[in-house]
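Hello,

Please find the structure below. My notes on it follow.

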Amino acid sequence: MYYVYIIKSRRDSGIYIGCTNNLKERVNKHNQNKSVFTRFRGPWEVRYYEAFYSKEDAFRRESKLKKNARGLQELKKRIKKSLE
């Protein structure tokens with residue numbers, strides 16, 4: 001399985017979108033400051049994820065969320081309470 005995930009910083013309420021085949025391990029790496037893009041903003045907690053059988057589908061979804069502001073806004077609206 002591959003996962004597209006949204007994590008939220010407990011420090012500054014920022015969010016990060018990522019993709020991985022091992023969600024638990026990846027979040028641990030974010031919290032250990034082993035990710036360049038999320039370093040210094042943790043601790044992080046998972047607020048949302050989607051699971052895919054196909055790696056290509058997962059990376060396509062991640063890319064769509066990162067590059068398409070409208071798609072991300074729609075998702076944020078749908079999971080509003082989860083991101084509070």
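**Contacts of tyrosine 49**

Leaving out residues up to four places away in sequence, tyrosine 49 touches Tyr3, Val4, Tyr5 and Leu23, where contact means heavy atoms within 4.5 Å. This is a predicted model, in which local features need pLDDT of at least 70, side-chain atom pairs count only at pLDDT 80 or more, and totals for chains, interfaces and linings use all residues. Residues are numbered from 1 along each chain as its sequence is written, and side-chain values use heavy atoms, with hydrogens and water left out.

Tyrosine 49 sits in strand β3; helices (H or I, at least four residues) and strands (E, at least two) are DSSP runs, numbered from the N terminus. Its relative accessibility is 47%, so tyrosine 49 counts as partly exposed (buried is under 20% relative accessible area, exposed over 50%, partly exposed in between; 1.4 Å probe, protein chains only).

**Helix α1**

Leu23, Val27 and His30 are the buried residues of helix α1 (residues 23–31). They lie on the same side of α1 because they cover an arc of only 55° around the axis, the arc being that of the directions from the helix axis to the C-beta atoms. These buried residues pack against β1 (2–9), β2 (15–20) and β3 (44–52).

**Loop between α1 and β3**

Asparagine 33 is in this loop, with a positive phi near 60°, and is partly exposed at 34% relative accessibility. Phenylalanine 40 is also placed there; its phi is near 75°, again positive in a residue other than glycine, and its relative accessible area of 63% makes it exposed. Proline 43 lies in the loop too, joined to glycine 42 by a cis peptide bond with omega of about 10°.

Regards
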